[in-house]
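Subject: Structure handover

Hello,

Here is the structure I promised to pass on. Please open it alongside this note. My findings follow below.

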Amino acid sequence: MVAAPRTPESLDQEYPPTEAGHEVRRNVNERLLAYAQKKGDDGVLYEDFTTITGALAESYELSPDKTSITFKLRKGVKSYRGNELNADTVMWSFERGWNMKSNFHWYMTQIFKIQDPKAAFTKIDDYTVKVTIPNPSPLLDRIWINSDLGILDATEVKKHLTSDDPWAGRWLSTNTASFGPYQITKYAPGQEVVYEANTNYWRGPAKLTKVILREMPTSANRVAALQAGSVDVAEYLLPRELALLEKMPGVTVHKVFGNYIHRVELNNAKPPFDNVKVRQAMNYLVPREEILKSVYFNTARFTKSPISEIYPAFTDEYFFFKNDPAKAKALLAEAGMPEGFKTQLAYRTGDQIEEEIAVILKSAFAKAGVEVELLKMPASTLVERYTKGEVPMYFFRDMAIVPDAAYVANLWLNSASAINYSKFKSEEVDQKINAGLTSTDEAQRVADMKRVQQLTMESAPWVFLMNPGYQLATRSNVKGYSWYTPNGNAFYDMYKD
């Protein structure tokens with residue numbers, strides 16, 4: 001039994017990425033490729049970014065110029081419903097993803113620059129599929145590790161196609177059909193999600209045959225349920241609660257620094273945040289030390305770049321913001337707003353950390369005359385509103401799941417990215433990101449990505465906050481804690497003594 005702050009907003013892998021959605025994809029979807037695993041000094045299983053192995057693809061071959069990849073599929077792989085994996089299934093998954101014009105389409109067009117899907121995706125034989133791209137890509141193998149690109153059980157999904165829903169978007173929003181270790185057999189939004197192990201899973205059935213995830217929006221209730229033993233796992237607890245649980249017999253707290261970036265995104269396309277001086281002023285008003293101590297109990301780290309600290313090419317040399325209200329006031333005066341302005345800051349219902357930070361920021365921003373109205377809204381409503389550009393400021397906690405700086409920058413900073421919700425735009429940043437996605441000159445890629453970090457920090461598209469890390473509290477008999485770049489739990493790795 002897992003206590004979570006919220007159930008996933010949708011089960012469809014084409015839904016915009018959210019923390020709850022990432023956890024579904026990690027447990028339900030199976031990818032063509034995977035990273036090997038290695039055990040860290042802390043006993044946690046991590047992904048080994050240096051070693052790519054086969055998953056649904058037993059093997060793969062990259063062309064010498066990195067413009068094509070050929071997947072040789074495993075034979076005998078079956079879905080939860082007993083349908084077998086083959087090239088037709090993979091090709092249909094590609095076709096659906098392309099036509100849904102969402103996550104898969106973004107990867108293919110933004111990362112690989114594919115324009116013609118018929119030229120890009122080819123069935124060689126019943127168990128061989130080839131992907132050909134117009135330019136070289138240093139990410140041609142790594143992208144297929146992402147859980148967003150799970151291969152669907154096309155035989156099952158096709159049963160639910162309709163004339164007005166030709167890709168079963170409605171059905172897949174509330175049902176799963178894949179080749180991963182679990183399928184979801186009950187989806188009650190706002191209440192619970194039931195995972196059942198795929199007894200046909202190619203790596204062998206999961207040790208945990210059923211996982212029930214219950215929505216408990218209040219963090220204190222998740223703590224109480226864990227203490228009472230009525231749940232085995234409690235997700236996304238407050239740092240102060242984790243500090244107390246660490247001292248409690250029968251409970252284990254797992255901590256990984258990870259790759260999160262928690263920030264306040266600003267709508268760069270609308271006044272007043274279309275003015276770089278206003279955005280810089282907001283960053284000079286953040287009392288980061290206070291947030292670190294009072295909210296995170298000194299367990300987080302400052303976010304000093306748009307690139308995750310654990311990824312290659314990261315640099316913090318361009319982080320120059322400190323808590324300086326006088327500097328903020330001067331910048332606002334230069335922007336023509338010496339008295340400040342009124343705005344709104346949105347955060348998710350049930351997210352105590354965001355609420356605590358919101359209150360601190362409201363007070364801090366007021367020191368320069370910035371009057372902030374706090375908006376608390378359900379996660380699904382918040383996602384809908386910020387994707388439409390309807391909220392001037394909103395909390396955004398995410399991770400880039402490919403350990404590559406060009407990928408990370410493209411995800412959040414490329415003006416053509418569907419996930420650049422802040423509407424940040426810089427021609428030089430776009431140019432260097434696009435070059436980084438097609439160049440195989442690693443030294444030049446690193447230099448370009450450092451320049452991207454410099455330009456981004458100077459442009460201040462976000463209010464930079466913290467990397468909170470990923471922590472999990474479990475009963476002490478729950479073993480097999482592991483960490484993957486999407487964060488969340490991989491139930492397949494877990495077991496109970």
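One term first: contact means heavy atoms within 4.5 Å. Helices (H or I, at least four residues) and strands (E, at least two) are DSSP runs, numbered from the N terminus.

This is a predicted model, in which local features need pLDDT of at least 70, side-chain atom pairs count only at pLDDT 80 or more, and totals for chains, interfaces and linings use all residues. Residues are numbered from 1 along each chain as its sequence is written, and side-chain values use heavy atoms, with hydrogens and water left out.

**Overall**

The protein has 16 helices and 22 strands. Its radius of gyration is 23 Å, close to the 23 Å that the globule rule gives for 497 residues, so the protein is as compact as a globular protein of that length. That radius is taken over C-alpha atoms, and the rule is 2.2 Å times the number of residues to the power 0.38. The C-alpha trace spans about 65 × 55 × 50 Å along its principal axes.

Of the 497 residues, 60% count as buried. Buried means under 20% relative accessible area, exposed means over 50%, and partly exposed is in between (1.4 Å probe, protein chains only). Among contacts with a separation of 6 or more, 71% come from residues 24 or more positions apart.

The accessible surface is about 18800 Å², and carbon and sulfur atoms hold 48% of that. Areas come from the Shrake-Rupley method with a 1.4 Å probe; for residues, only the protein chains shown count as cover.

On charge, there are 59 positive and 61 negative side chains, with the centres of the two sets 2 Å apart. Lys and Arg count as positive, Asp and Glu as negative; His and the chain ends are not counted. Each charge is placed at NZ of Lys, CZ of Arg, CG of Asp or CD of Glu.

**Helix H3**

Start with H3, residues 103–111. The helix is mostly covered: 9 of its 9 residues are buried. Among them are Phe-104, Trp-106, Tyr-107 and Met-108. What covers these buried residues includes helices H1 (19–28), H2 (87–100), H14 (405–413) and H15 (427–438), plus strand S6 (121–125). Just after H3, Lys-113 takes a positive phi of about 60°.

**Sheet and hairpins**

Two strands pair if DSSP finds at least two bridges between them. Strands of a sheet pair through backbone hydrogen bonds, either parallel or antiparallel.

S3 (residues 45–54) pairs with S21 in the parallel sense over 2 bridges. Tyr-46 has Trp-483 of S21 as its bridge partner.

Next, the hairpin of S4 and S5. S4 (residues 57–62) and S5 (residues 68–73) run antiparallel, joined by 5 bridges. Leu-62 stands opposite Ile-69 in S5. The hairpin has 5 residues between its strands, and Lys-66 takes a positive phi near 55°.

Then S8 and S9. In S8 (residues 182–188), 5 of the 7 residues are buried, so the strand is largely enclosed by the rest of the structure. S8 runs antiparallel to S9 (residues 192–197), with 6 bridges joining them. Ala-188 stands opposite Glu-192 in S9. The two strands form a hairpin with 3 residues between them, and Gly-190 in the turn has a positive phi of about 85°.

**Loops to look at**

The loop between S21 and S22 (495–496) holds Asp-493. Asp-493 counts as buried, at 13% relative accessibility. Leaving aside neighbours within four places in sequence, Asp-493 is in contact with Gln-37, Lys-479, Gly-480, Ser-482 and Tyr-484.

Asn-487 also lies in the loop between S21 and S22. Its phi is near 60°, a positive value in a residue other than glycine. Asn-487 is buried, with a relative accessible area of 1%.

Phe-297 sits in the loop between H10 (288–294) and S14 (301–302). Phi of Phe-297 is positive too, near 50°. Phe-297 counts as partly exposed, at 39% relative accessibility.

Last, a cis bond. The peptide bond from Pro-271 to Pro-272 is cis, with omega near 0°. Pro-272 is found in the loop between S13 (261–266) and H9 (276–284).

Best wishes
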